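Please look through the notes below with the model open beside them. They are set out as numbered points, each on one part of the fold.

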Amino acid sequence: MKDKQSIKNIKHPIMFVGTGSDVGKSVLAAAFCRIFKEDGFQPAPFKSQNMSLNSFVTANGGEIGRAQAVQAEACGMDCHTDMNPVLMKPNSDIGSQIILNGKVFGNYSAGSYFRGDIKEQLFAEAMKAYNRLAKNHSPMVLEGAGSISELNLKNNDIANMRVAIATNAATILVADIERGGVFASVYGSIQLLTPEERARIKGIIINKFRGDISLFNEGPKIIESLTKVPVLGVIPTFNHIQIEEEDSVSLDRKSVFANEHKVNIAVVLLRRMSNFTDFDRLEGDERVHLLYTNNQIELQKADIIILPGSKNTIGDLMELRRNGIASEVLKLARAGKTVIGICGGYQMMGQCIEDPLGIESNVKTVPGLNILPTKTILEEEKQTVRSTFHFKNSEKWCTGYQIHMGKTTFSEKAIPLNQMENGENEGCYIENKCWGTYMHGILDNPVVIDDLLKPFTKEKNQQEDYEVFKQRQYSLLAEHVRKNVDMNLVYKLLSE
């Protein structure tokens, strides 16, 4: 732990920027949030603009990127909308819904957004959010977005070097050595910056090293010679720590074949899947083999099929019809396979989805999979709320959160799935086989997982309390990073 004098000497926030997407910025930011907390500080995470379909709900009903909620957990605090004031949620190939300070700001085309039509307004709001947080927290742990050197977008970028300069952050460039080309990506990223931006790069971290690290002994010296920036550490990749991942590209590593010794659960891979972190708890269950797939043969082998959330339910449902997955899932459900749906997946399982206001598309009505006797009407107002509920007939309280823009009703044939704390019903199920819910995080509750797996295995749940488990993972992550990063140099950079 640092002494009180060292705490007073902290003069700068720290910011992690990348040579590209999926280099590990989010996880590293979480690691440093935990390290600073362990060392006696009061850190807080901040990302001015996030583009992600993984989101979370704050205590006051605001919506932020899930990665900042994870980083807040690592700090030992609840999340707040100030931690991610601008959230972009792609709802088509060329457009996104913009969330500002936790609430829907509007839908914008990619061209309009990246041309900077609302750039100054969003940047001003982001800096206000940062200043509110920085009054009570130090050091601030900032995260950039994607690459710092996308020259075609850079002038209107409000997530990377403009933030670093505005906050006077000690900026650390993160590179992923696993994907190759680390020397070129580090050197090129720095050289493409302006002199003012380049001066803010105070350190480099080489992330995701795999293999014999002695083969890279000369690597840091070469990079330092090329860039005149110190390499703070080389961090080996790890498999013994489970931290939520932000980028959906990670799902490609989880599309593996069925395992005959475990309960096989197939999550249908959607183009605009949202909140795939709903399945992290399942993935960590030793009784389960989880895979993401849109392959009909793999769906046939699965014991359970999950239709996940989507940022464009109608578009993804039409794509499932086009590629034959919709008919396959319906056929398997009618044959007795367990099928469940969460949020957009719940809507898909019904009889129809209506979009009279054109929220998602110009298509006013589309037929659903007709697995559940439900109907959904998409509405303009988004529901974002944390929830406490009883699952089926369980006496135990469960927790989750809702993020959706539709209202779903069901016929008397269906049984309510969840009884909310206020006495209202949510979700529904039929024949104890197929069910749907708007509740993200429902599978984080042991009573739900045990009920889902009960027909397929006699093994008992051996998982520890999920909150205890997550806090232990943050501590393991902090330990791993401490071993491989020069923390004395980090603190020197923050106090200069």
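1. The side chain of Ser 495 comes to 3.0 Å from the backbone oxygen of Tyr 491, a polar contact in the sense of a pair of N or O atoms within 3.5 Å, where within protein one must be able to donate a hydrogen and the other to accept it, and where residues adjacent in sequence count only if both atoms are side-chain atoms. Ser 495 lies in helix α17, helices being DSSP runs of H or I with at least four residues and strands runs of E with at least two, numbered from the N terminus. This is a predicted model, in which local features need pLDDT of at least 70 and side-chain atom pairs count only at pLDDT 80 or more, while totals for chains, interfaces and linings use all residues. Residues are numbered from 1 along each chain as its sequence is written, and side-chain values use heavy atoms, with hydrogens and water left out.

2. Ser 495 is partly exposed at a relative accessible area of 24%; buried means under 20%, exposed over 50% and partly exposed in between, with a 1.4 Å probe and protein chains only. Although 485 residues separate Ser 495 from Ile 10 in sequence, their C-alpha atoms are 4.6 Å apart. Once neighbours within four places in sequence are set aside, Ser 495 is in contact (heavy atoms within 4.5 Å) with Asn 9 and Lys 11.

3. Which residues of helix α17 are buried? In this helix, which spans residues 487–495, they are Met 487, Val 490, Tyr 491, Leu 493 and Leu 494. They lie on the same side of α17 because they cover an arc of only 155° around the axis, the arc being that of the directions from the helix axis to the C-beta atoms. Among the elements that cover them are β1 (14–18), α2 (25–38), β11 (201–209) and α16 (466–484). At the start of α17, a side-chain oxygen of Asp 486 reaches to within 3.3 Å of the backbone nitrogen of Asn 488.

4. A separate description concerns an open sheet of four strands in the order β3-β6-β7-β8, with mixed pairing. Its edge strands, β3 (49–51) and β8 (103–109), each pair on one side only. Strands β6 (residues 86–90) and β7 (residues 95–100) run antiparallel and are joined by five bridges, with Gln 97 in β7 as the bridge partner of Lys 89. Six bridges join β7 to β8, which are likewise antiparallel, and Leu 100 stands opposite Lys 103 in β8. These two strands form a hairpin with two residues between them, and Asn 101 in the turn has a positive phi of about 50°.

5. How many disulfides are counted? The count is zero, taking a disulfide as a pair of cysteine sulfur atoms within 2.5 Å. For Cys 352 the nearest cysteine sulfur is that of Cys 428, 13 Å away, and Cys 352 is buried at a relative accessible area of 13%. For Cys 434 the nearest is again that of Cys 428, at 10 Å, and Cys 434 counts as buried at 5%.

How values were computed:
Pairing = 2+ DSSP bridges.
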